[in-house]
There are 2 protein chains.
Amino acid sequence: MSYSLTYSQAVLVVVYVADKIRQGFYDYVPTRAIATSLGIPAPTTAKILQALGRAGLIETREGAKGGVRLAVPAADVSLRDILDALEHKRPLFQTHAHVRAKGERPTRAQAAIGRALDGAEQAMRAELARTSVEDILAHFPARPR
Amino acid sequence: MSYSLTYSQAVLVVVYVADKIRQGFYDYVPTRAIATSLGIPAPTTAKILQALGRAGLIETREGAKGGVRLAVPAADVSLRDILDALEHKRPLFQTHAHVRAKGERPTRAQAAIGRALDGAEQAMRAELARTSVEDILAHFPARPR
DNA sequence: ATAACTAGATATACAACGTATTCAGTTTAA
DNA sequence: TTAAACTGAATACGTTGTATATCTAGTTAT
């Protein structure tokens with residue numbers, strides 16, 4: 001199992017939008033332009049952008065010359081922010097919800113397992129928080145060749 | 001999205017089997033006994049055990065008085081071992097496979113994103129590797145009350 | 001008025017998951 | 001030898017989530 005493809009696409013979208021600013025384009029970027037450039041279907045792109053907008057990572061403008069642009073500086077957007085925008089802090093591991101063990105021993109085991117899995121998830125989230133969109137941008141030049 | 005419920009169940013299963021040994025029961029434990037005690041459907045339990053068996057974490061015995069038992073000491077089984085047995089090292093994040101961005105800039109962005117996501121996954125896996133089944137067992141007493 | 005945009009809702013196909021059932025083979029005990 | 005207790009394997013089914021497509025409605029600039 002894995003995180004949805006949409007998350008990776010969302011990161012790419014945010015990076016693309018941030019890159020536009022870095023290249024000196026400060027206008028709103030239309031959804032369709034993003035979709036075309038990144039090879040992501042427009043409806044999917046729109047959905048991603050809506051989630052990012054609701055999370056306050058981008059701002060949108062309706063109407064002609066509308067589109068999206070970054071609402072916060074690229075350095076202030078971490079991969080974790082994007083994950084939360086898409087996944088709404090949904091837990092990575094399913095622990096207590098549906099396992100109906102009988103007896104105290106398995107129940108205590110479950111609690112211990114749950115804590116360990118939580119720890120692993122927090123480790124991952126902490127690592128994601130360490131990487132900002134600006135860090136990604138740093139891997140290629142600001143100016144197109 | 002999340003890891004399958006099956007993974008959490010698998011951990012619980014391994015802990016249960018290890019706990020049996022700790023309680024002085026060295027016989028093979030039948031699948032059905034595990035399923036009943038843990039409230040996991042028998043076919044699901046069987047599938048989990050098959051995966052664990054293929055990974056060498058447990059050994060199985062067919063026939064009457066058959067069942068499963070731990071193939072390695074509980075201290076040598078980490079939560080990561082169990083994850084790999086169930087998920088076969090499938091990546092947590094979908095990165096390169098289906099995003100068909102056009103141009104070098106998005107492609108380089110993708111590579112950078114992929115590396116960052118890999119790092120996050122490795123952080124999680126490292127954390128899982130730090131917890132053994134014995135660590136889980138340590139959270140409750142060896143002897144039943 | 002028209003074109004270019006987002007927002008929202010609905011629909012569809014597909015994959016994955018969890019569970020159930022059936023059959024076949026193995027092993028032990030009586 | 002037979003029956004019971006077990007695992008292994010295959011198949012089926014229902015549910016859920018995901019990705020994509022389509023359509024309608026509203027907004028904004030020219």
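Trainee: Is A:Arg130 buried or exposed?
Mentor: A:Arg130 is exposed, at 63% relative accessible area. Exposed means over 50%, buried under 20%, and partly exposed in between (1.4 Å probe, protein chains only). This is a predicted model, where local features need pLDDT of at least 70, side-chain atom pairs count only at pLDDT 80 or more, and totals for chains, interfaces and linings use all residues; side-chain values use heavy atoms, without hydrogens and water. Residues are numbered from 1 along each chain as its sequence is written, with chains lettered from A and ligands numbered from 1 in the order written.

Trainee: What does the A:Arg130 side chain meet in a salt bridge?
Mentor: A:Glu127, at 3.6 Å, N to O. A salt bridge here is a side-chain nitrogen of Lys or Arg within 4 Å of a carboxyl oxygen of Asp or Glu. A:Glu127 is partly exposed, at 27%.

Trainee: How many salt bridges over all chains?
Mentor: Ten. One of them joins A:Arg125 and A:Asp84 at 2.9 Å. A:Arg125 is in α5 (104–129) and A:Asp84 in α4 (79–87), so the pair ties together parts 41 residues apart in sequence. Helices are DSSP runs of H or I, at least four residues, and strands are E runs of at least two, numbered from the N terminus. A:Arg125 is buried at 10%, and A:Asp84 is buried at 17%.
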